[in-house]
Structure formats: structure tokens, C-alpha cells
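Below are some notes for a colleague who is opening this structure for the first time. Please read them with the sequence and the model side by side.

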Amino acid sequence: NFSSALVADKVFFNSHFHKNAFLGALPNFLKGFPDYNELDSIKKIKEKSEVLHLGMDLQKFDKYKCKANSKPLILWNHRWEYDKNPDLFFKILFKLNDNNIDFQLIVLGEKYRDYPKIFDIAKNKLKRKIIHFGYCDSHKQYIKYLKLADILPVTSNQDFFGISVVEAVSYGVYPILPKKLSYPEIFN
């Protein structure tokens, strides 16, 4: 990434968070070289760097909007990966369930060969709360579940932009976001 940024005419990042993280990591990276560590190149990269937020066409979702739930419907619509921190997400839901807080649950996403096993535990432990659990066969089905949901607790440790979050919010799903990564910038 350093070499590409150095030779590029212009460098674009999808958020200030990622721009600052990349530029902030360069000094230690370059100091790791025994000689010719080119520390002055950081200024060159910084001067030609800009933020270009990801564009999203959300009008295609408009025809599906509507809601009417009797219980709060909690949504997970992210990849089933460790960087999305599903352990924390489900730990919170287990606590709500243990405290007899009534809610329903939609868990969307595809299960790959190597996925966090907390999904299996949650499917069993929260089975009476689940409306849907797993991959959607079509975009239309995905939209159907987004428009049903009420709350989107986001527990991610890493997210380049948060496309799934923006999609859900476009349907009126209320996000509960950490004050980190690119979320403060996107949802300011």
C-alpha cells in the first residue's frame, strides 16, 4: 500500500479514519527499514491524499419501506466474521434474554467454512426469538428483513465503511454504533 500510494497521482480513502490510520502507521513501518527509510515520503503521500466517501444509491430500497412490530426486532446484517465481533453482539442478546426482555431477532449473512461458532450457540439459545437466521436467497428477501427490523446494534472491531449499516438505516432501522472506526464520520 505504501508503494502504491507513493507512485499514485492521487490517493483516496473512504473515510478520515482510514486515511489517518494509514498515514499514522507509516512512520513506524518506514523506521523498520535499516536504511533508506524515506520518512519524507509521508508528507508527499499526505499532500495528495483525500477522502472520497463511498457513494450509495439507496433509492432502489424505497419501494420496500414500512414497519409495524409489536416487539423490538433486533438485526444482524453483517458478514459472519470475527472482525464484526459477533461474540459481543450475542453476549448482549443472551443477557437481554436472561433478563426476560422481550425481543425478536433476524440474523442475516452467509455461513462460510470458518465462521465464529457463537452463531451456532446463538441459533440454539435464542431459537424462540428468531424470525430468520442465515443467508437470504434473494435481494428481495434481504430487503424484506431490513424493512422489518427496528434496532441494529453494531459491535464491529473493523469496518471499512459500513455498507450493511447504511442499508439498514435507509429503512429506518435505528443503529446503535460504537464511537470509533468510520461511524462517527458517516453518521455525524
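1. A residue is called buried here when its relative accessible area is under 20%. Leucine 73, in strand β3, has a relative accessible area of 2% and therefore counts as buried. Please keep in mind throughout that this is a predicted model.

2. Setting aside residues up to four places away in sequence, leucine 73 touches Gln104, Leu105, Ile106, Ile131, Leu148, Ala149, Asp150 and Ile151. Lysine 10, by contrast, is 63 residues away from leucine 73 along the chain, and the C-alpha atoms of these two residues are separated by 44 Å.

3. The next point concerns a pair of helices. Two packed helices are described by the angle between their axes and by the distance between those axes. For helix α4 (residues 86–98) and helix α5 (residues 118–125), the axes come within 10 Å and cross at roughly 20°. Because angles under 35 degrees count as roughly parallel, α4 is roughly parallel to α5. The crossing of α4 and α5 is left-handed.

4. Which residues make the contact between these helices? On the side of α4 they are Pro86, Asp87, Phe90, Phe94, Asn97 and Asp98, while α5 contributes Ile118, Phe119, Ile121, Ala122 and Lys125. Sorted by class, the contact of α4 with α5 has seven nonpolar residues, one polar residue and three charged residues.

5. With a relative accessibility of 0%, phenylalanine 119 counts as buried. Phenylalanine 119 and phenylalanine 90 are 29 residues apart in sequence, and from C-alpha to C-alpha they are 8.2 Å apart in space. Leaving aside neighbours within four places in sequence, phenylalanine 119 is in contact with Trp76, Trp80, Pro86, Phe90, Val107 and Phe133.

6. Phenylalanine 119 also belongs to one aromatic cluster, which is formed by Trp76, Trp80, Phe89, Phe90, Phe94, Tyr115, Phe119 and Phe133. A reader who colours the aromatic side chains may wish to begin with this group.

7. How many aromatic pairs does a search of the whole structure find? The search finds 12. A pair of aromatic rings is described by the distance of the centres and the angle of the planes. In the pair of phenylalanine 13 and phenylalanine 22, the ring centres are 5.6 Å apart and the planes stand at 45°, so this pair is tilted. Both phenylalanine 13 and phenylalanine 22 are buried. Another aromatic pair, phenylalanine 29 with phenylalanine 33, is edge-to-face, with 5.3 Å from centre to centre and 90° between the planes. Phenylalanine 29 is partly exposed, its relative accessible area being 44%, and phenylalanine 33, at 37% relative accessibility, also counts as partly exposed.

8. Asparagine 85, found in the loop between β3 (73–76) and α4, has a phi near 55°, which is a positive value in a residue other than glycine. Asparagine 100, found in the loop between α4 and β4 (104–108), likewise has a positive phi near 55° without being a glycine. Are these two residues buried or exposed? Asparagine 85 is buried, with a relative accessible area of 17%, whereas asparagine 100, at 71% relative accessibility, counts as exposed.

Notes
Residues are numbered from 1 along each chain as its sequence is written. This is a predicted model: local features need pLDDT of at least 70, side-chain atom pairs count only at pLDDT 80 or more; totals for chains, interfaces and linings use all residues. Side-chain values use heavy atoms; hydrogens and water are left out. Axes are lines fitted to C-alpha atoms, for helices over the stretch in contact, and angles run from 0 to 180 degrees between N-to-C directions. Helices (H or I, at least four residues) and strands (E, at least two) are DSSP runs, numbered from the N terminus. Angles under 35 degrees count as roughly parallel, over 145 as roughly antiparallel, 65 to 115 as roughly perpendicular and the rest as oblique. A crossing is left-handed if the near helix is turned anticlockwise from the far one by less than a right angle, and right-handed if clockwise. Contact means heavy atoms within 4.5 Å. Ala, Val, Leu, Ile, Met, Phe, Trp, Tyr, Cys and Pro count as nonpolar, Asp, Glu, Lys and Arg as charged, and the others, Gly among them, as polar. Buried means under 20% relative accessible area, exposed over 50%, partly exposed in between (1.4 Å probe, protein chains only). Rings of Phe, Tyr and Trp (its six-membered ring) pair if their centres lie within 6.5 Å; planes under 30 degrees apart count as stacked, over 60 as edge-to-face and the rest as tilted.
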